[in-house]
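Good morning, and thank you for coming.

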Amino acid sequence: MAGVANQDTPHKDRTVAGTGPHTAGARSIRKPVLQEFRQRLVQEMTHRSVPLPLDAFLDRFFPLPPNQRPKRSTATLRNKLSALDDAGIGGWKEDAIADTFTTIVNDHKLAPGLRLALSQDRFDANDPSHQKIDGAFFPHAVAPTDGEPHWAEQIVPVEFKRGETKYDPFEDNVKKALDPDAQSRKNVRSQIIGYAETIFEQRPRTHLFMLFVIGRNFRVMRWDRSGVVVTPLTDYVLEPERLHQVLWRLGRASKAQLGLDPTATLVKPGSAHYKLMDKLGKKVATDLVAQRDIAVAKGSENNMFAYVREMFSESLVKGWPRWKLSVPQSDGTMRYFLVGKPTVTAQGLVGRATQGYVAVDLLAKERKKQLVWLKDAWRTFYELVEAEGVVLEQLKREGVPFIPTVVCHGDLPGQATVTPDVWDDNRKAAEKLQECAAGKKQEPAARTPRVRPDQIHRASATAPPSSSAEAVIPAGPSSGLKRPREEDDQEEIPPPPRGVEGSDVDSVEDKCPLRRHIHYRIVVEEVALKLEQFEDGHHLVSVIYDCVKAHQRAAKLGILHRDISGGNILIYPKVVDDPKAKGKVVDDSESKDKVVAMRGLLTDWELSKDVKVVPGRRRRARQPERTGTWQYMSVALINEPTKAVEIPDELEAFFNVLLYYAVRYVRSDCKDVPHYIEFYFEAFQIVQGRYQCGNLKNLTISSGNLYTSEGAHSTLRFGTALDYILQSILRWLTAHHAVRHHARPQEGGNSSKPIGKVGSRRRAMSVDDDYSVDMDDESASMKKAPLSEETLKNAKKVQQHDHMLALLLWCINNDPRAKMPEDMEWPTDDKVPDRYPNSTEKQLPVAPTHLVVQDNDSNKRLKSNSGSAVLVQHPSRAPLKSYHSSISVVDSGFASGSRPAAGSCPP
């Protein structure tokens, strides 16, 4: 990777995978280089590493019956591995280490049934990022000989590094962080995280084991969607039996133990299912066209839409494996679906890791229902969090319109993340040690690792470490590592608090900071189009109206969506009755009583929450972090981490979605759209250890003016009814925030910062001083001034949905073909090409992918000048593979992770 000090495997900057048809709104912006992609991955993985002694690791993940051990002579093995005796000094290049190590492992069959194949010089044709891992174990019968990685077929990937500390991605000294900050070590860590993420993407997996060889030492890692479990360095020259034990157990492990998903079966070329997929991917002349008001011939209303078949055809990539996936049904049985390459993939190793497929339903009876949408995700696994399918089924029963129709859904049995359990076991072990140290219990006779009271995550979980697993590794040849002073150690700003969600009144009782996830699949009938495929401004507003209507009906049932974003608002074509028969007839020999309607679809309800007030029920947070999509979140939710989501916050998110897509795809007088999008939607500031809203969004909401990026005196205009809609809603939102602020006591009371407040008695510092306003002075004047009757009246208009719906509907019904005042017209040609293309260079630095602000203790880790704010940009601008629905702020938490003080923000 670019920037890695290791000269043996140089990496060029390359772009990562592009975006697809279901990209999640603002995340599909640009194709960053591989280096930036890896930087984001290492940020999101910070503080998600959990140590575990090697013996405890093996016993936990590869338990064996009693008296079963490898039967190879330790002396013979030590003799063979002695060839690598001086590999820990640093003189050996990693290619030489890899070649010698591989020859010994394969010649002596140390991993029964597996073969180690090297691939450090070539990349896989199906990997657009062109990453080259050093090698991997494959089933012996299919081990490649062409020198390519073959990511989808790897069983256990292997990475080699020279025997120097600066190439070690982890730290065993309990007095230091497990994730060291030295840049060279972070580079290596980002490299192996990138490899793991690629392997997860290309094959259905529950977890992944990785072998890391550094000189004459090795580590074993287990990755899942919550984090990584890491063993201490072990010297395989001094203790060859320990390496043999690892490889022998890997070779004897079942596919499920190794992390291969048992609910995914390979569809082999030439099979009946393979041929069925090829057939459904071919064009059919009678497929329907997805266009508003186009007439549909009688009898063809049940035909498939052409874009659905095209999306499925694009998933049948040459060389990409096809799978038959199992999805649970309500009766406990499994239903089966055929899939190719994911149409959309959420970037990130940890978190929900959503993948979306256009899938073949093997039980479908109607032609148009043969192709459906299958969403594979690792949903958050907490007591009060309902599965998305449960919520959708409830809403459908109550008649909520414009939401997906569930075919089947369910959690996959036995597939939950384990890393949080290891962390919890470490915590319990550390607490016992602390009790012993305090004299509360008799000191155990067994040898125990050293534990810092404030660093309980470094405690041993179940077994004391061996000599090679000691927490502190001495310098010198005996350790196998050359440990010079690390000149590249750089003191960086520690990550801010982990999460945006400590909200909804009370905190989660779970002590583990790692999110718990369970593997979940849901299938819905609707295969939709992304929002950016709206036809004109009138159509965009119509789609938003449909989704606000769906949100209103759900809110009346007490359910709030809580993640309104551009990626969750889709366009769904459907055939409807239309006596007027607008448009052209597909087949003019038939009658004209059916047309295509392009309606809105509000998707991704997995973060929704029942907010009904029930007597005796105490409201509390269900997850340790707040979720949401940064670009569209309300100013109040961003600036007040403990605030519960309410209807005005959701309506403000709808406003932001409308504004974002209008600015980006509709003709306007905005001269620098990329600049406006970055500074309004993606910028954020860090104030006193907290993420805060960017200045331009703060200024817009507090002033009620759509200021452009050209300065605070010019306002955004479209010259259509969009101006009236946006200004009206903005006026209501401004009044709402004024009322909230006015109701807050000047002293004490709610400790959350008021809207727009960016510092304590200080002026915010930002990249663009045009937007840096003294919000304290403005806030003070707002407190003193009495609110007008008009302000109170306007504020009430966003407490419920009625006024916004009435406004949108009134403007929609002003037909584009009708003559109206110039500023209320709906031109049919106002849709323009993307004004924020992938090639756009960022003007703000990129920050962490995920906003994670959690507790006051973690706030103390952020080093910054008290009261000062730095304007940075949201991480959504960084590498992102296509995603059907949006990624939450804490999705990988993807939003989930670590985060420097300057950069861009959470997806």
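Let us begin with helix α13, which has 19 residues and spans 27 Å from its first C-alpha to its last, close to the 27 Å expected at 1.5 Å a residue. Please keep in mind that the model is predicted.

Which residues does N656 contact, apart from its neighbours within four places in sequence? They are Q631, Y632, M633, Y680, F681 and K697.

As a general point, nonpolar side chains tend to be buried together in soluble globular proteins. In this model, the largest nonpolar core holds 112 residues, and I569, L659 and Y676 are the members that touch the most others. Helix α13 gives the most to this core, contributing 13 residues.

Setting aside residues up to four places away in sequence, L659 touches Y676, Y680, F681, L706, L716 and L726. You will recall that Y680 and F681 are also among the contacts of N656.

I turn next to a sheet. It is open, it has 3 strands in the order β10-β20-β19, and the pairing is antiparallel. Which strands form the edges? They are β10, at residues 295-296, and β19, at residues 569-577, each of which pairs on one side only. Strand β20, residues 594-602, is joined to β10 by 2 bridges, and these two strands run antiparallel. Within that pairing, V296 stands opposite K594 of β20. Across β19 and β20 lies helix α11, made up of residues 537-556, and α11 runs at about 60 degrees to β20.

Finally, consider E201, which is found in helix α5, residues 183-202. Is E201 buried or exposed? E201 is buried, because its relative accessible area is 15% and the limit is under 20%. E201 and G348 are 147 residues apart along the chain, and their C-alpha atoms are separated by 9.5 Å.

Thank you for your attention.

Conventions. Residues numbered from 1 in each chain as written. Predicted model: local features only at pLDDT ≥ 70, side-chain atom pairs only at ≥ 80, totals over all residues. Heavy atoms only, no water. Helix = DSSP H or I, 4+ residues; strand = E, 2+ residues; numbered from the N terminus. Buried < 20%, exposed > 50% of the residue type's maximum accessible area, 1.4 Å probe, protein only. Pairing = 2+ DSSP bridges. Contact = heavy atoms within 4.5 Å. Axes fitted to C-alpha atoms, helices over the stretch in contact; angles between N-to-C directions. Expected span 1.5 Å × (residues − 1). Core = buried A, V, L, I, M, F, W, Y, C linked by side-chain atoms within 4.5 Å.
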